[in-house]
Amino acid sequence: MEPLADSEIKRVLVINAHPDDSDFGASGTIAQWVQKGIEVSYVLCTNGDQGGEESGFTKEEMPAVRQREQRAACKALGISDVTFLNYVDGHLEPTIALRKDIVRQIRRVQPDRIVCQSPERNWERIGASHPDHLAAGEATIQAVYPDARNPFAFTDLLEQENLQPWRTKEVWMQGHAHPDHFVDITDTFHFKIAALKEHASQTGHMENLEEMLREWGQRNAGMGQLPEGRIAEAFKIVNTN
């Protein structure tokens with residue numbers, strides 16, 4: 001499915017399970033949207049406190065560290081609106097409570113486009129199918145349809161917080177086993193590297209980070225039939241209008 005033209009998009013909401021998920025999966029594309037004047041907001045379901053065993057930080061220190069790193073990564077991309085839902089890393093489930101928290105953010109931001117993780121397990125790339133990723137993706141899709149647009153869903157958000165129902169036009173999924181849209185990020189690849197280097201607790205030990213990301217991106221570009229040597233990010237497009 002072809003996505004809407006970026007000229008039709010005013011706001012994008014990026015919803016992921018952990019700090020760095022969106023930067024690994026979509027930051028080259030996100031940098032292009034920011035350059036075009038599209039407002040981009042981030043929502044992180046957890047603080048990633050179970051990640052970074054090679055960082056030298058304790059598990060208790062990790063939430064503050066990873067929040068700080070994500071804000072720095074967003075700054076490198078030109079993004080200032082970052083929200084942490086503070087669910088426990090490794091324990092995320094697509095509960096009613098998580099759905100409501102995501103609906104709140106959708107109604108607050110009023111995005112035309114949402115970027116999220118695929119709720120479908122990818123057997124070709126098991127790393128993309130962390131249980132938290134699947135849960136965040138499922139809860140986001142449930143929040144997009146039917147809850148965020150439905151005035152009878154979570155009525156207290158409307159009555160007590162004055163958050164009006166909102167219909168998101170489309171969802172871009174990261175990590176899907178069968179992507180159908182490929183964005184050439186060759187010219188914004190340096191933004192992706194800069195963002196991910198800010199996640200030092202996760203990437204500081206990776207001597208070949210740039211090489212690895214370039215190889216991933218070139219593989220995506222090949223799948224998308226882009227010219228040899230180009231770098232791309234891959235998405236599954238879902239019309240939710």
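1. The model is a predicted one, in which local features need pLDDT of at least 70 and side-chain atom pairs count only at pLDDT 80 or more, while totals for chains, interfaces and linings use all residues. Residues are numbered from 1 along each chain as its sequence is written, and side-chain values use heavy atoms, with hydrogens and water left out.

2. The protein comprises eight helices and seven strands, where helices (H or I, at least four residues) and strands (E, at least two) are DSSP runs numbered from the N terminus. Its radius of gyration, taken over C-alpha atoms, is 17 Å, close to the 18 Å that the globule rule gives for 241 residues, so the protein is as compact as a globular protein of that length; the rule is 2.2 Å times the number of residues to the power 0.38. Along the principal axes, the C-alpha atoms fill a box of roughly 50 × 45 × 35 Å.

3. Of the 241 residues, 53% are buried, meaning under 20% relative accessible area with a 1.4 Å probe and protein chains only. Among contacts (heavy atoms within 4.5 Å) with a separation of 6 or more, 79% are accounted for by residues 24 or more positions apart.

4. The protein exposes about 11,300 Å², of which carbon and sulfur atoms supply 48%, the areas coming from the Shrake-Rupley method with a 1.4 Å probe. There are 25 positive and 37 negative side chains, and the centres of the two sets lie 5 Å apart; Lys and Arg count as positive and Asp and Glu as negative, without His and the chain ends, and each charge is placed at NZ of Lys, CZ of Arg, CG of Asp or CD of Glu.

5. Strand β1 (residues 11-16) is mostly covered, with five of its six residues buried. In the parallel sense, β1 pairs over six bridges with strand β2 (residues 39-46), pairing requiring that DSSP finds at least two bridges between the strands. Within this pair, R11 stands opposite E39 in β2.

6. T29 lies in helix α1 (residues 21-35) and, at 1% relative accessibility, counts as buried. Leaving aside residues up to four places away in sequence, T29 touches W172, V183, I185, E233 and F235.

7. D156 belongs to helix α5 (residues 155-159), and touches K100 and E161 when residues up to four places away in sequence are not counted. The C-alpha atoms of D156 and G222 are separated by 48 Å, with the two residues 66 residues apart along the chain.

Definitions and conventions. Buried < 20%, exposed > 50% of the residue type's maximum accessible area, 1.4 Å probe, protein only.
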